[in-house]
Amino acid sequence: GPTTPPMLLNLIWLAFFVSAFAVALARLVMGDMEVFPKLLAAMFDSARTGFDISIGLVGVMALWLGILRIGERAGMVDALARLAAPALRHLFPGVPAGHPAQGAMVMNVSANLLGLDNAATPLGLKAMQELQTLNPRPERATDAQILFIVLNTAGLTLIPTSVIAIRQTLAMKQGLVGFNAADILLPTLVATSISLLAALLAVAVLQRLPIWHARLLVPLAAFGAAIGAVLWGLGQLPPEVAARWMGLAGSLAIVTLVLVFLLAGAAKRVPVYEVFVEGAKEGFGVAVNIIPYLVAMLVAIGVFRAAGCMDYVMGAIGTGVAALGWNTDFLPALPVGLMKILSGSGARGLMVDVMQTHGVDSFAGRLAAIIQGSTETTFYVLAVYFGSVGVKDTRHALGCALFADAVGIVAAIGVAYAFYR
């Protein structure tokens with residue numbers, strides 16, 4: 001039921017500390033006098049890093065929540081819902097046209113597309129409550145709820161906003177001049193699209209959805225073709241030119257979107273400045289809420305690394321990969337993908353760790369960002385979404401979600417090699 005994921009996270013968090021202490025003790029016995037001072041230093045450093053990153057996010061969150069509020073008031077959100085209505089009808093046959101669940105679902109998807117996890121969650125919970133009103137057996141998940149949640153865990157992201165913000169902050173810390181934090185945009189989009197298609201197919205097969213319908217396939221195929229064309233075009237260019245174009249496309253998309261929302265607001269006589277401020281006020285609360293989670297995870301991971309545990313784990317996986325004769329450059333970023341399934345803040349901590357250890361502009365640093373930007377925290381999403389409406393029997397939701405996660409991690413690694421190698 002929805003109560004197991006926190007249990008699991010407790011055990012994982014505890015295991016980080018216990019294993020770190022055990023390994024450090026063994027090293028002390030072997031004559032390493034420095035290991036416990038290292039552990040202590042790691043604890044304090046990690047706690048501070050957690051705070052710094054969260055405070056760095058305040059501005060970005062305030063900005064997006066403000067813009068999004070203008071978009072809501074300007075009716076851009078409703079317009080999006082109307083655009084997506086034909087596709088929604090086939091994917092969610094149990095939801096009548098014009099039902100409030102449709103608008104809430106589309107808004108949640110839009111927030112996900114923009115990489116605004118923190119805006120997406122409240123909208124998603126709203127959608128779950130609307131879907132629950134259509135549920136004949138309140139304790140058992142409906143087909144529509146399962147598909148909605150699995151699509152959420154597959155997390156299609158056009159613009160991984162928070163990942164870009166973190167990369168920019170760390171690049172400044174590492175003294176990189178003219179670093180383009182948005183150059184992971186396209187690789188992330190490709191990886192996340194593959195993961196989303198895997199999720200959609202898994203659920204569609206189990207629920208016997210008519211996904212071969214032209215109304216659904218045409219937009220899907222057009223979307224896929226557009227991405228394919230962009231990929232092919234970028235593949236013809238030298239890597240540094242391709243990176244520049246990817247950066248341009250990403251920044252252009254974001255800035256244009258902001259302008260469209262503002263102009264739509266002005267046209268509807270929305271007091272854009274006041275509405276922006278009202279929405280932006282929530283940014284601080286959201287960022288401050290992240291602090292305890294981030295500190296908890298970063299400290300545990302910091303201690304685990306300082307004791308040398310991480311090196312042992314990665315060494316073991318590395319030996320296996322090398323034995324198969326594969327390239328091992330992706331290994332430092334792999335823990336981000338495994339952690340992401342359990343904890344978003346934990347994965348964020350690991351991603352920051354990879355970027356600090358290997359550099360933001362390293363292959364591992366980029367792959368970590370792509371994985372973080374293209375996967376979703378499965379256990380968290382399932383617990384929060386189903387828990388919010390009191391559904392106990394989640395049926396095939398977890399299986400489909402984990403399948404999509406696995407496909408997503410493999411896709412992210414493949415895409416990173418295609419782009420950066």
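D329 and R421 form a salt bridge whose closest N and O atoms are 2.7 Å apart; a salt bridge here is a side-chain nitrogen of Lys or Arg within 4 Å of a carboxyl oxygen of Asp or Glu. D329 lies in the loop between α12 (309–323) and α13 (334–340), and R421 in the segment after α17 (397–420), so the pair ties together parts that are 92 residues apart in sequence. Helices (H or I, at least four residues) and strands (E, at least two) are DSSP runs, numbered from the N terminus. With a relative accessible area of 53%, R421 is exposed, whereas D329, at 29%, counts as partly exposed. The terms are set as follows: buried means under 20% relative accessible area, exposed over 50%, and partly exposed in between (1.4 Å probe, protein chains only).

The model is predicted: local features need pLDDT of at least 70, side-chain atom pairs count only at pLDDT 80 or more, and totals for chains, interfaces and linings use all residues. Residues are numbered from 1 along each chain as its sequence is written, and side-chain values use heavy atoms, with hydrogens and water left out.

**Salt bridges**

The structure holds eight salt bridges, including those in the table.

| Pair | N to O distance |
|---|---|
| R69 and E278 | 2.7 Å |
| R366 and D183 | 2.9 Å |
| D329 and R421 | 2.7 Å |

The side chains of R69 and E278 meet in one of these salt bridges. This pair links distant parts of the chain, with R69 in helix α2 (residues 35–73) and E278 in helix α11 (residues 272–306), 209 residues apart. R69 counts as buried at 17% relative accessibility, while E278 is partly exposed at 37%.

R366 and D183 also meet through their side chains. Here R366 belongs to helix α15 (residues 363–374) and D183 to the loop between α7 and α8 (185–207), the two being 183 residues apart. Both R366 and D183 are buried. A network of salt bridges links R167, D183 and R366.

**Helix α7**

R167 is also among the buried residues of α7, which are T161, S162, V163, I164, A165, I166, R167, L170 and A171. This helix (residues 161–173) has 13 residues and reaches 19 Å from its first C-alpha to its last, close to the 18 Å expected at 1.5 Å a residue; the expected span is 1.5 Å times one less than the number of residues. Just after α7, G175 takes a positive phi of about 70°.

**Nonpolar patch and cysteines**

L197, L201, W212, L217 and L220 make a nonpolar surface patch of about 470 Å². Patches consist of residues with over 30% relative accessible area and no salt bridge, like charges being joined within 9 Å and nonpolar side chains (Val, Leu, Ile, Met, Phe, Trp, Tyr) within 5 Å. Helices α8 and α9 (214–235) each supply at least two residues of the patch. L217 lies in α9 and is partly exposed, with a relative accessible area of 33%.

The count of disulfides is zero, a disulfide being a pair of cysteine sulfur atoms within 2.5 Å. C309 counts as buried at 4% relative accessibility, and C400 counts as buried at 4%.

**Overall fold**

The chain has 17 helices and zero strands. Its C-alpha trace spans about 70 × 50 × 45 Å along the principal axes. The radius of gyration is 22 Å, which agrees with the value near 22 Å for a compact globule of 421 residues; it is taken over C-alpha atoms, and the globule rule is 2.2 Å times the number of residues to the power 0.38. Buried residues make up 50% of the 421 residues in the chain.

Definitions and conventions: Accessible areas come from the Shrake-Rupley method with a 1.4 Å probe; for residues, only the protein chains shown count as cover.
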